[in-house]
Amino acid sequence: MVEWLNILVQGAMLGGLYALFAVGLSLSFGIMRLVNIAHGDLIVLSAYFALMAVNASNLPALTTLVVIVPVMFGLGYVLQRFLLNLTLSGGLLPPLLVTFGISVITENALLQAFGPDIQRLHAGAIETASVSFGPLAVGVYPMLVFATAVLALAALQVVFYRTALGRAFRATSDDADTAEMMGVDNRHLYAVAMAIAMIFTALAGVLMAIRTTFDPASGPTRLIFAFEAVIIGGLGSLWGTLLGGMVLGIAQAVGAALSPTWQILAGHLAFLLILMVRPSGFFPRTRD
Amino acid sequence: MAGYRIERSTRESRWFAGFLVLVLAALATLPYWGGPGDMRLVSEMAYYLALAQLWNLLAGYAGLVSVGQQAFVGLGAYFMFYLASELGIHPLLALALAGPFAAVISLPMALAVFRLRGAYLAVGTWVFAETFELGVSLIQPLGAGSGMSLTPAIMRQIAETRDGRDLVLYWVSLLIVTVILALVYWLLRSRHGLALTAIRDSEAASESLGVDTFRTKLMIYVVTAACTGVVGAFIFLEKLRLSPESGFSVNDWTVVVIFMVVIGGIGTLEGPIIGMLVYFGLREFLADYGTWYLILLGVTAVVIMLKAQDGLWGLVAKRFNLHLFSVRRHLAR
């Protein structure tokens, strides 16, 4: 009994990381209807940037966020402003295939630069520390990741509903043309949205790199986890992504408890089951 | 309107049809004037052309951008391997049966992924392919993670000697690609083709004119799944070895195929042919550069999507008003 409760808690904590994977994807879809196929590869790219920073400076892994977050923020702005914005007027295929191309380019560039070896970041004692709650022992690091996800979502909530920028985001999401007529510069706004999405990508990448191993080819799996969390939670819902991430994390933890080979498969099966019985997810907001 | 009639074929399309027959005849006799290396290359080009044409039908016409077609390559291949090695069925019969098998699997899949729209459908199909790969690697009778092989005893059912088998498999590859090209061509010329072209140009408008977009898309999804299953079974009948990783490889069976179609020109029958030729042409020179080659293909695809969405063939077709396949209708005196 305690054992299963433990699995549930571990899975839910893992869900925090998946929510961080998912927020960037959900944000770019919510505001510019862009599904970024390269999303997972950009998470892995952030992890490699952190690896480079650690190797170059010997700083603790988590402090690299100070550098990685601004770098990815800038990359997001440039990517959207000068490349992805050009794809948004011509239907479904251009954004899909351009981000698909970026995915393949990123993956192979990482392979060329770092080789196929499996990498990992080390954060020291915090990795193995745990706190006891009665019979339960919960890792400090997973809790930290989960708390980061909750705080990040709360911050995004404040930006969305309490600031002028958030108002512009919501207006553009509802009706891009009318928002433009009211003086919103959509090209700039989309670039800012992608830059903000990349803050989450950077967070997700660095936090993932400490928790699990990664290699140049692990991007697509991250994209799929993010996508599953978004769909389970319901398109366009901020807190839905957290719930979706937790459902996915719990499904994977239960699968892994049955047999290690079942971990990812159990997550996919849970996703497909939810897609069958509740195709719009738990808290659908955006209509596509 | 007296004096006008609707024409399907043009002078160019009749010439091109003749040219295709000549090419096919030349290729069919290749074993008598070319080497085994040539046969291997042509049969690889044939199955890639088939995959490209099928993906083009799915994404370019029906608007179903799937990143999960490797699911059917893998399923078709595993089904064929299982029938041939566990049930003792003739490998070529097993190959043909892979089609109906993939179709049966694709139907419930379609009902699930069709609940997702646009780009989300792309990722949804990918999840299915991943699920199959992980699932198959747990099944002991299918060799689990290490996969299956076709034994020499099984292959001798096709022909006694190695040369004889190579010859049969080569002709089978030509037969498969010819049948698939003919099927796609026929589909596009039929009333389904008219519906598909309408869906390609505007889904909302075609729906308002009475096209049943759901049924049309479902039919295309199932037909492409069946054909992709047969192609998959063929690919691994030639390779003799199958593992979850190779059978369900997204890079080999979908990424490369998407690049071919996008570079050649999506939404035309000529595009995938051009794209396949460009891919193999570049590969001759750049194969040694592995990752750089894929980066180059990625960059090319991005540039084409931004600058010339209709691909290389689109540029030619626009410049010379040239259409080699007579799937359009013209008004003529």
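Q: Start with the hairpin of S1(A) and S2(A): which residue takes a positive phi there?
A: That's A:Gly134, with a positive phi near 60°. The hairpin of S1(A) and S2(A) has two residues between the strands. Keep in mind that this is a predicted model.

Q: Ok. How many bridges join S1(A) to S2(A), and do the strands run parallel or antiparallel?
A: Four bridges, and the strands run antiparallel. S1(A) covers residues 130-133 and S2(A) covers residues 136-139.

Q: Which residue stands opposite A:Phe133?
A: A:Leu136, in S2(A). Another pair to look at is A:Ser132, whose bridge partner in S2(A) is A:Ala137.

Q: How many other C-beta atoms lie within 10 Å of A:Arg33?
A: There are 16, so A:Arg33 is partly exposed.

Q: And A:Ala154, buried or exposed?
A: Exposed, because A:Ala154 has 12 C-beta neighbours inside 10 Å, and 12 or fewer counts as exposed. A:Ala154 belongs to helix H5 (residues 140-162) of chain A. From A:Ala154 to A:Arg211 there are 57 residues in sequence and 23 Å in space, C-alpha to C-alpha.

Q: Switching to chain B. Where is B:Leu240?
A: In the loop between H11 and strand S3 (241-242) of chain B. B:Leu240 has a positive phi too, about 70°, and is not a glycine. With 14 other C-beta atoms within 10 Å, B:Leu240 comes out as partly exposed.

Q: What about B:His90, where is that?
A: B:His90 is in the loop between H4 and H5 of chain B. B:His90 is partly exposed, with 13 other C-beta atoms within 10 Å.

Q: How far apart are B:His90 and B:Ile158 in space?
A: 7.7 Å, C-alpha to C-alpha, while in sequence they are 68 residues apart.

Q: On to helix packing. At what angle do H5 and H11 of chain B pack?
A: About 145°, with the axes 7 Å apart. H5(B) is residues 91-113 and H11(B) is residues 213-239. The crossing is right-handed. By class, the contact of H5(B) with H11(B) has 20 nonpolar and five polar residues, with no charged ones.

Q: How many residues of H1(B) are buried?
A: One of 18, so H1(B) lies largely in the open.

Q: What span should H1(B) have at 1.5 Å a residue?
A: The 18 residues of H1(B), residues 11-28, should span 26 Å, and the end C-alpha atoms are 26 Å apart, which agrees.

Q: And H13(B), mostly covered or in the open?
A: Mostly covered: twelve of the 15 residues of H13(B) are buried. Among them are B:Trp253, B:Phe259 and B:Met260. H13(B) reaches 20 Å from its first C-alpha to its last, close to the 21 Å expected.

Q: What covers the buried residues of H13(B)?
A: The cover includes helix H4 (93-114) of chain A. From chain B, the cover includes helix H3 (36-61), helix H4 (70-86), helix H14 (270-286), H15 and helix H16 (311-320).

Q: What comes just after H13(B)?
A: B:Gly265, which takes a positive phi of about 135°.

Methods: Residues numbered from 1 in each chain as written. Chains lettered and ligands numbered in written order. Predicted model: local features only at pLDDT ≥ 70, side-chain atom pairs only at ≥ 80, totals over all residues. Expected span 1.5 Å × (residues − 1). Buried ≥ 20, exposed ≤ 12 C-beta atoms within 10 Å, placed from the backbone. Axes fitted to C-alpha atoms, helices over the stretch in contact; angles between N-to-C directions. Left-handed = near helix turned anticlockwise from the far one by under 90°. Nonpolar A, V, L, I, M, F, W, Y, C, P; charged D, E, K, R; others polar. Contact = placed C-beta atoms within 7 Å. Pairing = 2+ DSSP bridges.
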